[in-house]
Structure formats: structure tokens, C-alpha cells
Amino acid sequence: MTTPLTVEQLKPRLGRLTLIDVRSPGEYAGGHIPGALNIPLDQLDRALPALRAAAGRNELAVVCAAGPRSRNACRQLADAGVTALVVTGGTNAWTEAGHPVDRIAGARPVWAMDRQVRLTAGSIVLLGLLVDLALPGARWVSAAIGGGLVLSALGNSCAMGALLGKLPYNRPRPGTPTLDATLATLDR
């Protein structure tokens, strides 16, 4: 079970807790809560020893764009014996409340990964159905994407999101701290 933390509860505690942003480096660079450290969700296992140590020193809170990835991260942490708070509504709720975000110089906002997945999956499904009009059988591509989405939901993982995360606009921007630098910060 994860303990929720609203953005209004988070704001006065920013300097007293360790805030981990589990979005892609591109999303993080485009705007993150001040003081948040970027550890992408797919790198959480690698960061576990440093996160365990950080949680032993102060409270640990996890944030993403809207909440699903941070809840997933908190479940992974809980399974590893690490307690963490989940920021309700994520960075979106933070900005909607009028709070400032830090940006990496030169970075532009990037769509949240779930939005990128919806666009990609929906486009492939529509394309498969349209191509099927000229090339019978192409609709099975659409069926495969639908099946992949069902498996993604059941397994609470996302292969398409992992692939999209490797695209250039989702990679770290110059000036974005590397995971190793972030882990070194946690070790202090």
C-alpha cells in the first residue's frame, strides 16, 4: 500500500524529503518539481540500493506526470522493503496548482509517456484497419496491438513505452543529470 501525498502537503516538505521523478529523462528535462531527482521507472531496480539508503535518512516521495508510474514505482519499492510516498496527481497537479517547475536549459516540454503510447498504439490500429481495405489481413496488426495493450495492462508493464523511451526526444538532454550522477547525489 502506498501513502498519498498531495502537492500542497509536498510543497512545505520539499527540502526535508527525497523526491524521485520516475518519468523519462526527456519529460523530466521539460519541467520537474524543484529538487526532484530523475530515476526513470525502468531504472528503478538499478537505483534500489541508493534509494534504500536515502529512505533510511529521510522520507522518500515518488512523482511522475499524473500518478500511475509513481504508484507502480512505490509498489516496486514496497516489494523491496522501501517505504515511499506517492505524489497524488504528479507533476501535472503541481503545475495546475500554480507551483513552479525547473527545466533543463534548452529543453522543450515532451508529452508524457502514456500519451505517447496512446498516440502510437492508436495510430497503428487505425493504419492497420485502413491498410486492410487494400491489403486483406493487415487488420491483424491492429489485433496484435490490442493484444499487446491488454497484456500491458495485466502485467502492469509497457513494452511500447520502453521502446518509445529510447527515441531521441525521450533521452537525456545535455545538462540533464545522468543516472550515475543522480545515484551519487542520493549516496550523500
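Which residues in helix H9 (residues 179-187) are buried?

## The buried side of H9

Keep in mind that what you're looking at is a predicted model. In H9, the buried residues are Leu179, Thr182, Leu183 and Leu186. Go around the helix axis and you'll find that they cover an arc of only 100 degrees, so they sit on the same side of H9.

What do the buried residues of H9 pack against? Their partners are strand E2 (17-21), strand E3 (37-38) and helix H3.

## H3 against H4

H3 turns up again in a helix pair. This helix, residues 44-57, packs with helix H4, residues 68-79, at an angle of about 60 degrees, and the two axes are 11 Å apart. Angles from 65 to 115 degrees count as roughly perpendicular, and H3 and H4 are therefore oblique to each other. Their crossing is right-handed.

On the H3 side, the contact is made by Leu44, Asp45, Leu48 and Leu51. H4 brings Ala73, Gln76 and Leu77 to it. Sorted by class, the H3 and H4 contact has five nonpolar residues, plus one polar and one charged.

## H6 against H7

Now for another pair of helices. Helix H6 (residues 113-134) and helix H7 (residues 139-155) pack at an angle of about 155 degrees, with 7 Å between their axes. Since anything over 145 degrees counts as roughly antiparallel, that is how H6 runs relative to H7. The crossing here is left-handed.

Which residues of H6 and H7 meet? From H6 come Ala121, Ile124, Val125, Gly128, Leu129 and Asp132. Facing them from H7 are Arg139, Val141, Ser142, Ile145 and Leu149.

## A glycine in H8

Last stop: Gly161, which you'll find in helix H8 (residues 159-164). Is Gly161 buried or exposed? Its relative accessibility is 10%, and the cut-off for buried is under 20%, so Gly161 counts as buried.

Leaving out residues up to four places away in sequence, Gly161 touches Met113 and Val117. Arg115 is worth a look too: it lies 46 residues from Gly161 along the chain, yet the C-alpha atoms of the two are separated by 9.7 Å.

Note on methods. Residues numbered from 1 in each chain as written. Predicted model: local features only at pLDDT ≥ 70, side-chain atom pairs only at ≥ 80, totals over all residues. Heavy atoms only, no water. Axes fitted to C-alpha atoms, helices over the stretch in contact; angles between N-to-C directions. Helix = DSSP H or I, 4+ residues; strand = E, 2+ residues; numbered from the N terminus. Parallel < 35°, antiparallel > 145°, perpendicular 65-115°, else oblique. Left-handed = near helix turned anticlockwise from the far one by under 90°. Contact = heavy atoms within 4.5 Å. Nonpolar A, V, L, I, M, F, W, Y, C, P; charged D, E, K, R; others polar. Buried < 20%, exposed > 50% of the residue type's maximum accessible area, 1.4 Å probe, protein only. Arc of directions from axis to C-beta.
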